[in-house]
Structures are given as structure tokens and as C-alpha cells.
Amino acid sequence: MINTIKLCLLFCLGGYLSANAQQIASPKDYEKWTKLSLNAVSPKGDWIACTTHNTQGDTLMVRNTITSENLYFPKAFLQQFSPDGNYFGCSLRDSIILVNMLDGKQSRYSGSGQHNFTGDSRYFIYNHNGKLQLIPLDKKKNKTFSFERVSQYVFNSSKTILLMVQESDVSTGKGQQIVSFDVAQGIKPQVVDTAKKITGLQWSRNGPALAYYKTINGELSLCVATKNRGKNYNVKQLSSKRLQQLIPGSAFMGSALRVGPQGNIVLFDARLPVVEKQKGTEEPVKIWSSTSKDLAPLNHKKEPSGIWLAWSVEKDTIIPLETLNQPVAVPTRDFRHALVFGTEDYTPRFKYTDEYIDIYLLNLITGKKELLIEKQLYQSGQTVISPKGRFVTYFKNNSWWCHDLRSKKTTHLSATIPYPLYREDYDLPGQPPAYTLGGWTDDERYIFLYDTYDIWQVEATTGKAKKITNGRPDKIRYRLYDDGLVFDNPAKIFGFTVQEVTLKNPLTAIKEDTHSLRQSLVLWDKKYGLREMVPFGKRLNSIQKALDNQTYFYFDSDWKSPPRLCRVSPSQKPKVILQSNPSYLDYDWGTARLIDYKVNDKDLKAALYYPAGYDPEKNYPMVVNIYERLSSTIMKYVPATAASDNGVSIAHLTANGYFVLCPDIAYRQNDIGQSAVDCVTAAVNAACSEEKGIDKKRMGITGHSFGGYQVCYLLGKSKLFRAAVAGAPVTDITSHYLTLNAFGMARMDTFDSYQFRIDAPYYSETFKKNSPVDAAPGITTPLLLWSSDSDPIVDYYQAQMLYNALWRMQKESTLLLYPDEEHSLMEEKNRQDLTEKVMQWLDYHLKKDSEKPQWLQ
């Protein structure tokens, strides 16, 4: 039996105070760090389940948020509360634990893995060695049920009807049967179907129908079972033979099924017929053709192995969702339609800057296909399907539109909104994308749109818009909180859905001060408007609401404050429930603040981190870490580490006596190199002007990937720095532009459409002026380069080229080449080695009296 523990030194409440004065951490101290995750919240919010992660293993803790009573379960998983909150279950390696939350009594059952509570909280269900047990939670009112030889089981959405696959003797020999058991009624189980083998059991969303594969006499069939008026199951099937009649040469792949709400449509994958090449006709030579729409060799492209099909159960017809020319399909939630498109409509990409697609609407009942949106921007969140499948919203020509699939009417949603609904700070090539939708209401009446600061509630059929926040005057940004759990729809795979909200409950929103980047938690509803729940403070995330009341749980943190799990409600002020990684607070990590500066009329920020043990009477070296926009790191908790995947850890640097500056960089098209020089120079000057403790003669700079490119370029144009580190950098942008990455994708797309922001010809002066290798003669700063010989993103020879150039000019540089690694280092020993060498390199060049490390001698 697992003991109940009332107090534990690993955790503490709010107002954590160390018994010792703060000290400066060493890498050995980093081994103490732990992480905390919130796994489950009871319906009333009186209990929570959290997991502490550390190097010794994970521990599940169930905590009473009112009394602070704790239960601990080492290495437990699959935790859940019963729907009424009176019970809790979790799995261990060899057993399943059931806890009565009212009296604390625990029961242990043999087994491991899946377990469930029924929707009415009457039963606890688990499977051990094929014996499915339904344990009554109130033994006085309900009896125990047991089923033998169960290989799999699933519930309907309300968890009232249980389907299981049992081993059973049938007329064709030993086989399997699907058994349906109405747990709520407790009536005699029904046999749904029998076969030699049954797999892939899947309910429809609302539970009236189920789909599965069965095998009889070696033939695989797709089946759908629905209850008739006599409450018996009616089974219809699509045999392999019938599938080949409809789609010659195809076969079931046996992958996951998706069932329409009423079971009338089933989506499944089928294997396409393989064209066997005659012996001796294979072409061993890769053929590259200038007439191709992309750079991959024509005869070495991989054809899709499968295709998504829709089976109309009543009509017994098949409609292909995907084709070779339109290989992407996004079904609506009601399974009446699908958006289908190809990704090569507007290629080669350099002709169009952005990636565009023509979106067609496919009727899954009739098979009719028609063009819906022409030349639509193909980015996540720019085309969205409504929760029930009636509407398709899309952002085009700087406006949001809503197309009604019933009436065929298209409504201009943003016609009366006077502010841009796209990212005004967007500095990549092409058209700025819209801020993604805040969500759809569950009745599909309203959509929530964003401008830079505010939230707009817009009626889907009329376009009538109402602003529900007022953040613009003070530059306060409001966003509905999105937990990432969009409604169940395969469309979410492609970024075609947003969250579904209900106006029956207050909406949860994050309020952010764009000056300080601090956040607040607010609620909005029609009756009360905006109500502040949590005042401006740290960064908020992982917000969860108790189902039965207005109790909210959230984490808050910033760069040096480990996440705290807090509780708040409209009637109660925020309360700290748990402080994660409490030992981190024993140490001095320095302080941090934001620095404002301006470049080319653009207002920018930089995060300035102070060294631990800072003395205003002393001068300290500073390390500038760059990528694109990094000022927001001041609100992101990343614990100090001596094993960083890119060799740099902000807290590790501050603990070792460095200022660290993380600036924002705003880019000009075709001038990214000089953009970095201008922004970094302005940020450094602003920081040095405001903080006299920065030693201007002892500054270094670091960057990885695109940041590494910027470091290499900047060194050729600036004398600000005495040491530099560049990881996996592009140093010769012309050769990078003209090659493919390890995945066979053209790197030139990153210039024409993305990060490198160059649309000029590769042979133009623009490429030369932005290339670090061409700026290498101006480099005087000692440079540490590192890369991996297996980097799939940036070839290691890019770092080698600059190293070779510097070696030829006899300029101080060192190249570290890690074997069999990724773009960021994955192996712990390599991370440790790189982080140690980066610190030693910086110390040697920036700290007084620092000895030259052995590996440099």
C-alpha cells in the first residue's frame, strides 16, 4: 500500500524562503533541478495531480488544494479523477491504484496500463491479462461485472456504453467477437459481430455507430455497426473484394478509422496499386530537369504509399479524398465535405514568394468538387473550418471572410473593423499573415478575431463586429487563452482548426503589457465584461479550469523564477499551491530588465541580464546572444544548464559573472546582414549607456543557426567584440542557396520566402554583400565555430568554409566538429563538452587572468 504523506520537503507553498543566504550556483548544483507538470484537475478543483520530473525518476503527487494534503505515487502514470471527483486512479509498472478521495482509502489491483471511470462515476474499469473488471465504487448499490478474454475495449463519448473484443469460439473456429455492454443500464451484453480477427475499434463522435476491421477466411473487411429500432446492431461491411471493384488494385492499410457523426461516412486509408517495373528497366541515374517544378530528381520522387478514401455506408460507394495531384484533404467535422488541395499549384516558389494553394470543396456525399478559394496563402491558421463544419473562414486580401457551405454565401467579417488584422511587425518576404482566430463558439454563431491589441466578437452570417477589449490606448494585448486542445477533427493536423469556446461560461484571456511583457489573467462574459483574476506579474501558461466551478489553475514564471502552480477564482485571490524546483531559489542568478532602443524608426527591446553577485562598483564582461527577436526570453524560465544543445545558457552565464544581452533584430529585405549589425550595435550602445557596469572592452557575442550566420557576418563589419561563438552557421549564402538539405528540400525557399529574406538573384551583388565569407577579411575577433558532420539543416562545410578562410588569412579561429549529431546537439556528453568549451572560450578572451584552456594549446 502506498503511504499517504502529509508533508514533503521537495515541495513548498507560496512565499518560499530558503534557510540559507543566496549563493552562486555551480554546474554540480544543476543536478538538483526538477520540473513540475499539471496532469489533472478534479471537477471541483479541490484536488490536482502533478508529476515531478528529475534525474532519479518521476513522482506523481495528488494534492488537496485546500488542506495541502499530499499523496505520492513514484513512477505512476495514466492518472485521472472520476467525473464526480470522489475517486482517483493511476497506473504503476505492475499494478493499478484506486483512491477514495473522501476517506483516503486505497485499493491496489494487479495489472498495468489502461483504466477508466464510467461517465456516471459508478464503476472503475481495468483489464488484467484479458480479464476486464468493472469495480463498483458503491458496492451497496452496484454489483461487480467481469468479462474474460478481452483484448481491447473502448467507451463511447459519454462513457456509458462499453465495447470490447473478446476471444471466442465461433462457427468458423476460434476467433473474436465484439461485445457491447450498456454500463448505465446494466443489461445483458450484446454480441455485435464475430470474426477470425477484429481490430481498429472506433466509435463515432457522438457514439451511435462504431467502425472496425474484421478478418474472415483471410479477407479483411471494413465494418460499421449501428443500432436499429429493435436495439440490435445492424452491421454493414466493405470487403476487400468490393474495395478492389471500386478502386482497382487497392487494398486496406488497416490504419486508424474516422467515423462520421451518424456512422454514414467512414474515412480510411487504402494502399495504392504498385506498378512493378520490369527487370532491367530501372533507371539507376537520377534525372534532374530544368522543366521540373522543384529541384528533386524526377525519377527519384517517392510516390504516396496510400490514399485517404471516404466510404458512403448507405450508398456503398467510395469517394477518394486525396489524389496524386491533390494529396491533402481536410474533412469537416460533420463529414459532409472536405477541403482538398495540392501543394504544387504555385511552384516553383521563387515566382510567387509565398506558398499558395487552390482550395477545392469536395462533397463527400455526391463526390462533386468545386473551386472554393483561389491562390490562398498556405500557412497554419489562415483557413479555418468551423466546429460543426458549416463554415469555412479564410484570410485573403488583408481581410477575414466566412463562407457558408449551406447557403453558399460569403460574408466579409472584418469590413467594419478599422485596424489591421495581420501582423504589423512581420518582416519576412511576402504578405503578412493574419493573427490566427481566437476561436469559434460551439453554436457556430460567433468568431473571435484579433487585431494587434484587441479581441473582436464577429457574427458569422452578418459580419457584425463588437470589440470586447480596449487595449490599444495603452498598448495592452488581449488574447483568448488557447490550451491547444482543439475539437476532435483530423483538420487539426494541418492547422485548419481553432479552439471551440462556449458563451455559457466566461472566456479566459491573457492580458499582456507590451512594454514590460508581463501578463495578467482575465475573464470576459456578456454580463460582467472584463474581470481581472490575476494582476500583472509573470508569464502565465498551462491554464486549466475545474469543470464544476470557476476555479482556475495556472503556472507563472519568468527567466529566473521556476514555475509556480497557482489557484484563483472570482471569489478568491491567487494562491500558490506548489513551487516547482524550489532549490533553484536558493541561488543568486542576478536580475534582469528590458532596454528600449530604436532602429530605422522601429521600436525594439533587448533583455539585459545582470551577473550573479553584481556589485555596481565593479565592471563585468558582457555576452550578446542573438537570433531574431529574443527580448521575450526575460519572461521564459529556462533553468541553468551545463549541457545546452547549442552551448549557451543565460543563467549559466550570469552565474559565471557575465552580463547577457538578448536583443530584438528587425530586418530589411535584401539587407539582413546589415540589419543585424545596426540592431545589435544599437542595443549594445543602449545597454552600455544605461548600465555603466558593462565593460565595453570585454564583450563577446554568440549565436546558433541563423543566429550563427548573423554573428559571422557581424564580425566582418564591427569591432565591438573581443570573442565570438557561432554554431551551425551559414557562411557562404550562395552555395547554401544552391543546394538541397538532407530531406531533399531546396534551401533557396528559405531565401525567397522565409528567414534569409533575399529575393534578388543569387549572382547579384546582394548575395555577395550579405555573405559572411565575403566579409571575412574584416574579421579581427577570435571566433569559435562549431557544427555537426551530420547536420541535416546546415551542411557542416559552411562552418568549415569560414574557418578555412580565416586560417588562410591567419586570423584566430577554432572549429569544433561533432560526429553523428543533429542541427542542435542531442547527446548529453556532446552538450556538456560544447557548453564547457564555449564558457572556456569566453572566459579566456573576456576575463582577466583567465588561463588558456588545454584544448586550445
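Which residues of α9 are buried?

A: This is a predicted model, in which local features need pLDDT of at least 70 and side-chain atom pairs count only at pLDDT 80 or more, while totals for chains, interfaces and linings use all residues. Residues are numbered from 1 along each chain as its sequence is written, and side-chain values use heavy atoms, with hydrogens and water left out.

The buried residues of α9 are Q798, A799, L802, A805 and L806 (buried is under 20% relative accessible area, exposed over 50%, partly exposed in between, with a 1.4 Å probe and protein chains only). Seen down the axis of α9, these buried residues fall within an arc of 125 degrees, so they line one face of the helix (the arc is that of the directions from the helix axis to the C-beta atoms). On the other side of α9, W807 and R808 are exposed.

The helix itself comprises residues 796-808, that is 13 residues, and its span from first to last C-alpha is 18 Å, close to the 18 Å expected at 1.5 Å a residue (the expected span is 1.5 Å times one less than the number of residues; helices, H or I of at least four residues, and strands, E of at least two, are DSSP runs numbered from the N terminus). Among the elements that cover the buried residues of α9 are the helices α4 (706-715), α5 (733-737) and α8 (772-775), together with the strands β54 (783-788) and β55 (813-818). After α9 comes Q810, whose phi is positive, near 60 degrees.

Turning to aromatic rings, one cluster is formed by Y627, Y667, F706, Y709, Y737, F751, F756, Y762, Y763 and F767 (rings of Phe, Tyr and Trp, the last by its six-membered ring, pair if their centres lie within 6.5 Å; planes under 30 degrees apart count as stacked, over 60 as edge-to-face and the rest as tilted). By this rule the count comes to 43 aromatic pairs. For W33 and W589 the ring centres are 5.9 Å apart and the planes stand at 65 degrees, so the pair is edge-to-face. This pair links distant parts of the chain, since W33 lies in the loop between β1 (4-5) and β2 (35-41) and W589 in the loop between β47 (572-579) and β48 (592-599), 556 residues apart. Both W33 and W589 are buried.

How values were computed. Contact means heavy atoms within 4.5 Å.
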